[in-house]
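Colleague: Please put the model up so that we can go through it together. I will ask, and you answer from the coordinates.

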Amino acid sequence: MKTRIFPASPNQIRHWRHACRFPESPALNMTVGLRMEGFLDLDTLRLAVVRTLERHDSLFAKPFWADGELYWESAALKDPDSILEIVRCEDKRTVLEEIRNEAKRPFRLEEEYPVRARIFPISEFENIIILNVHHISLDGWSVELLIREIATRYNNLFLGDPDTNPKKTTSFEGFSKYQSEFELTSHGISDSSYWKKELENAKTGVGFPPDIRESGFSSWPLGRMSWSFLTAELSDLTKEAAKVAGVTPFIFLVGAFARLLGLESAEDDVLVGVPFVNRLRPEDANLVGFVVNTLPLRFKLSERNDSEYIRNVSRTCGAAFLHQRLPYVNILRDLGPEYETSAKPVFRTMFILQGSQTARNQFLGLNCNQSWISTGGAKYEQTWTIEERNGAYTLDVEWNPELFSDEKIACLMESYGEILRNLANHFVSGKDGKEGAGAGKNLSWPELKDLADFFSGPIVLESDSNLDLKIRRHGG
């Protein structure tokens, strides 16, 4: 393949600026791990990974800045095996430390490709695969597509399909051009008008009040993570309430979060960052690249009637869905240069509903558990992510530990469970849910004792912090 140069998409420029501003930060690393039980053919897996990665020019390309614009230089990888390494460790504790170290290792975008892969053989029938990608190249949806493609290729190769001439996939270059020109289209003009009106007189920069106020801060935002299960009973209650209300469970999940933010900040008008997959065009459905668009959703909390509040949340999310294609950088530019340059934040918290990972990415003859891995960096002051696993919701929170203590985050997570229960109970039983809704009945805190335990949930933590949180929370 000849060297090809094409412009970056508008949203990629934001991540480039972050990488230039915080070159030592791993906050934009997207690190996912697969723990596989069963016989794994390492040579076949290596071939499947390399052949899959080299099909996507969003991965085998390097960014560069010229004449005030960001471009990508895409070319054939001279040594595909250089991005994949088999690492053998003495014991499981060492493996866990190596995984954490890989997640925290920042990318040098001008010097290396924005993807790394490592295989950790634990035993004859246990292996861990780590895929680390910089967010400037992929979004979370694309990571899922990529792993699914690796699994499919591995299965075919394992069954004897030579896969000698894999076809190239749709180039990210086309999407980049489309997103750059979108604001000039009729739909782009409509979206721009919508967001200007929606955000008019909005109070920006509302977040959770910090409980740590130290004078010194790190050169780049630190990140710490924790996770818990919403109990099966609360998960089922939320789903039932959504059916009664005629909305998706996401409306209740994000509605409860907005209420929590409003109560903690003493504000009744808050902005929350919510990512949308932004794949409304058929040609983008399976595109591997940075396609997702983050939007500032405005929630007005003065409405205390639960039924009307849920209707308002549903209308807000529905309208945002219809206007999700205008690049977030364009919205920032329309708000003012202080927002576009990140001198002033539009929102301080992000809320994400992650697609279930337990039913996907099945490798032939293998039991596979998939988890994201804490990178030690933080994109926002707090990022809350909900995911469904085995019928129950998990809740993981990433936060800046220079602003919030472990105890504060634990209390916020418990309070979220109570608010969600109260909101759901109004629709299911007509009660406010306060009677008997004590601490410990909404969330279930996992104990992390073995390497397998770390892959039983949505996040592999940077430390055994869940045990610490549980002990401190319950005074054990």
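Colleague: Leaving aside neighbours within four places in sequence, which residues is leucine 253 in contact with?

Modeller: This is a predicted model, in which local features need pLDDT of at least 70 and side-chain atom pairs count only at pLDDT 80 or more, while totals for chains, interfaces and linings use all residues. Residues are numbered from 1 along each chain as its sequence is written, and side-chain values use heavy atoms, with hydrogens and water left out. Contact means heavy atoms within 4.5 Å. With neighbours within four places set aside, the partners of leucine 253 are Thr238, Phe351, Leu353, Ile386, Tyr393, Tyr416 and Leu420.

Colleague: How far apart in space are leucine 253 and phenylalanine 351?

Modeller: Leucine 253 lies in helix H8 (residues 249-265); helices (H or I, at least four residues) and strands (E, at least two) are DSSP runs, numbered from the N terminus. In sequence, 98 residues separate leucine 253 from phenylalanine 351. From C-alpha to C-alpha, the distance in space is 9.3 Å.

Colleague: Is leucine 253 buried or exposed?

Modeller: Buried means under 20% relative accessible area, exposed over 50%, and partly exposed in between (1.4 Å probe, protein chains only). The relative accessible area of leucine 253 is 1%, so the residue is buried.

Colleague: Which residues of H3 are buried, and where do they sit around the axis?

Modeller: The buried residues of H3 are Val95, Leu96, Ile99, Arg100, Glu102 and Ala103. They cover an arc of only 160° around the axis, taken from the directions from the helix axis to the C-beta atoms. That puts them on the same side of H3.

Colleague: What covers the buried residues of H3?

Modeller: The cover includes strands E2 (29-37), E6 (115-123), E7 (126-134) and E12 (367-373). Also included are helix H13 (451-454) and strand E16 (459-460).

Colleague: In the open sheet of three strands, which strands stand at the edges?

Modeller: The order is E1-E4-E3, with antiparallel pairing; two strands pair if DSSP finds at least two bridges between them. Each edge strand has a single partner strand, so one side of each is left without a neighbour in the sheet. These are E1 (4-7) and E3 (61-66).

Colleague: Over which residues is the pLDDT below 50?

Modeller: pLDDT is the predictor's confidence in each residue, from 0 to 100. The chain averages 89, and 90% of the residues score at least 70. The stretch with pLDDT below 50 is residues 433-440.
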